[in-house]
Amino acid sequence: MTHKDLNIYKLSIDLVTDIYKLSEQFPESEGFGLTAQIRRAAVSVPSNIAEGSGRNSTKDFLRFLHIASGSLSEVDTQIEIAQRLGYVSNTEEIKNKITSLQKMLYRLKQSLKNKL
């Protein structure tokens, strides 16, 4: 089983795609600001899930899942900022994915902690 078999990985890849599409709506002046930041944070989520699952220890996997959780919180915050600035309006679907991913990450972390 690889990271590509994990539902949490698949959903996080979907989120990255959604974030890229959403951030296309941001003003051009945000190219090196919020656009770059939200994309980087979104890409960090599946990247850390993949890297952690590729490690040979549960402890390492947990560490990378904590990083993925932090990046997911960044994305959530940046969406809120974009919404308040009026760059985007309908973010319900993305916010639902973020909530689902937060719950999945929490459950996976709990499961791995129980293994330790």
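**Close-up views of a predicted helical model**

**View 1. Ser71 and its contacts.** Leaving out residues up to four places away in sequence, Ser71 touches Ala41, Ser44 and Val45 in this predicted model. Ser71 itself lies in helix α3, and Ser71 counts as buried because its relative accessible area is 5%, where the cut-off for buried is under 20%.

**View 2. The pairing of helices α1 and α4.** Helix α1, residues 7–23, and helix α4, residues 92–115, have axes that come within 10 Å and cross at roughly 150 degrees. This makes α1 roughly antiparallel to α4, because angles over 145 degrees are counted in that way. The crossing in which α1 passes α4 is left-handed. On the α1 side the residues that take part include Ile8, Leu11, Leu15, Ile19 and Leu22, and on the α4 side they include Ile94, Ile98, Leu101, Leu105 and Leu108. Taken by type, the residues of this contact divide into 11 nonpolar, three polar and four charged.

**View 3. The largest nonpolar core.** This core has 31 residues, and among them Ile19, Ile49, Val75 and Ile79 touch the most other members. Helices α1, α2 (34–54), α3 (58–84) and α4 are the elements that each give two or more residues to the core, and α3 supplies the largest share, with eight residues. In soluble globular proteins, nonpolar side chains tend to be buried together.

**View 4. The surroundings of Ile49.** When neighbours within four places in sequence are set aside, Ile49 is in contact with Leu6, Ile8, Tyr9, Ser12, Phe61, Leu65, Ala68 and Leu105.

Technical notes
Residues are numbered from 1 along each chain as its sequence is written. This is a predicted model: local features need pLDDT of at least 70, side-chain atom pairs count only at pLDDT 80 or more; totals for chains, interfaces and linings use all residues. Side-chain values use heavy atoms; hydrogens and water are left out. Axes are lines fitted to C-alpha atoms, for helices over the stretch in contact, and angles run from 0 to 180 degrees between N-to-C directions. Helices (H or I, at least four residues) and strands (E, at least two) are DSSP runs, numbered from the N terminus. Angles under 35 degrees count as roughly parallel, over 145 as roughly antiparallel, 65 to 115 as roughly perpendicular and the rest as oblique. A crossing is left-handed if the near helix is turned anticlockwise from the far one by less than a right angle, and right-handed if clockwise. Contact means heavy atoms within 4.5 Å. Ala, Val, Leu, Ile, Met, Phe, Trp, Tyr, Cys and Pro count as nonpolar, Asp, Glu, Lys and Arg as charged, and the others, Gly among them, as polar. A nonpolar core is a set of buried Ala, Val, Leu, Ile, Met, Phe, Trp, Tyr and Cys residues joined through side-chain atoms within 4.5 Å. Buried means under 20% relative accessible area, exposed over 50%, partly exposed in between (1.4 Å probe, protein chains only).
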